[in-house]
Amino acid sequence: MPIFSRDGVREDVWIHLDDESVPAAETPSAWTVPAERWLRQTPELAAAPGRRGIRLAPDTEVESLAGRLEGVDLVTVELPKFKDGRAFTQARLLRGRLGFRGEIRARGHVIPDQLQFLQRCGVDSVELPEDARIETWSRAMRRFQAFYQNGLSDRSAAELRHPR
């Protein structure tokens, strides 16, 4: 799957391990596991080779990861359908409350209209479907240049200016 971010498009190098697979020396250098598994096996997985990632289900309580994000490079949040906004909250909590500084990636039913809102909640990248039109996503990223509310992205809120 292609990965879209402010830096452009890149190929996904992460593999997604299930509840049974064990990251080993022969495992590619970047892997993810479900959050439930990470919580059960934090010491073992934190010692495994490679870059580490966690996949959050929509119903994962983000606060359960407090104190367990050391050495985690990627957290993936899932948008299972358009009406489900829990991933926005998860990203915001990861950045704001837990101070996570690694990459946050959105996957699932993500549409270009959501891109800037996801970024303002702390999401760095989006997993795109194979048939995605990159220009559509690039345009969506540039749609708004100023915001009235503060966000977690690197853009600052716009100041209201009154004519003199």
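This is a predicted model: local features need pLDDT of at least 70, side-chain atom pairs count only at pLDDT 80 or more; totals for chains, interfaces and linings use all residues.
Some ground rules. Numbering starts at 1 along each chain as its sequence is written, and side-chain values use heavy atoms, with hydrogens and water left out. Local features need pLDDT of at least 70 and side-chain atom pairs count only at pLDDT 80 or more, while totals for chains, interfaces and linings use all residues.

The fold first. We have five helices and eight strands. These are DSSP runs numbered from the N terminus: helices are H or I with at least four residues, strands are E with at least two. Along the sequence, the pattern reads β-β-β-β-α-α-β-β-α-β-α-β-α. Of the 164 residues, 43% are buried. Buried is under 20% relative accessible area, exposed is over 50%, and partly exposed is in between, with a 1.4 Å probe and protein chains only.

Now the core. The largest nonpolar core has 32 residues. Such a core is a set of buried Ala, Val, Leu, Ile, Met, Phe, Trp, Tyr and Cys residues joined through side-chain atoms within 4.5 Å. Trp-38, Ile-54 and Leu-56 are among those with the most contacts inside it. Helix α3 gives the most to this core, five residues.

Stay on α3, residues 86-96. Gln-90 sits there. Is Gln-90 buried or exposed? Buried, at 4% relative accessibility. What does its side chain reach? The backbone oxygen of Ala-57, at 2.9 Å. Gln-90 also touches Leu-56, Pro-58 and Val-77, among others, not counting residues up to four places away in sequence. A contact here is heavy atoms within 4.5 Å. Leu-56, with its neighbours within four places set aside, contacts residues including Val-62, Glu-78 and Leu-94.

Glu-78 takes us to charge. The whole structure holds eight salt bridges. The criterion is a side-chain nitrogen of Lys or Arg within 4 Å of a carboxyl oxygen of Asp or Glu. Glu-78 pairs with Arg-107 at 3.3 Å, N to O. Glu-78 is in strand β6 and Arg-107 in β7, so the bridge ties together parts 29 residues apart in sequence. Both are partly exposed: Glu-78 at 22%, Arg-107 at 23%.

Arg-107 also meets Glu-127, again at 3.3 Å. Glu-127 lies in strand β8, 20 residues from Arg-107. Glu-127 is buried, at 10%.

Two more items. Asp-84 bridges to Arg-86 at 2.6 Å; Asp-84 is buried at 9%, and Arg-86 is partly exposed at 39%. Finally, Arg-10, Asp-12, Glu-103 and Arg-105 are linked in a salt-bridge network.

Notes
A polar contact is a pair of N or O atoms within 3.5 Å; within protein, one must be able to donate a hydrogen and the other to accept it, and residues adjacent in sequence count only if both atoms are side-chain atoms.
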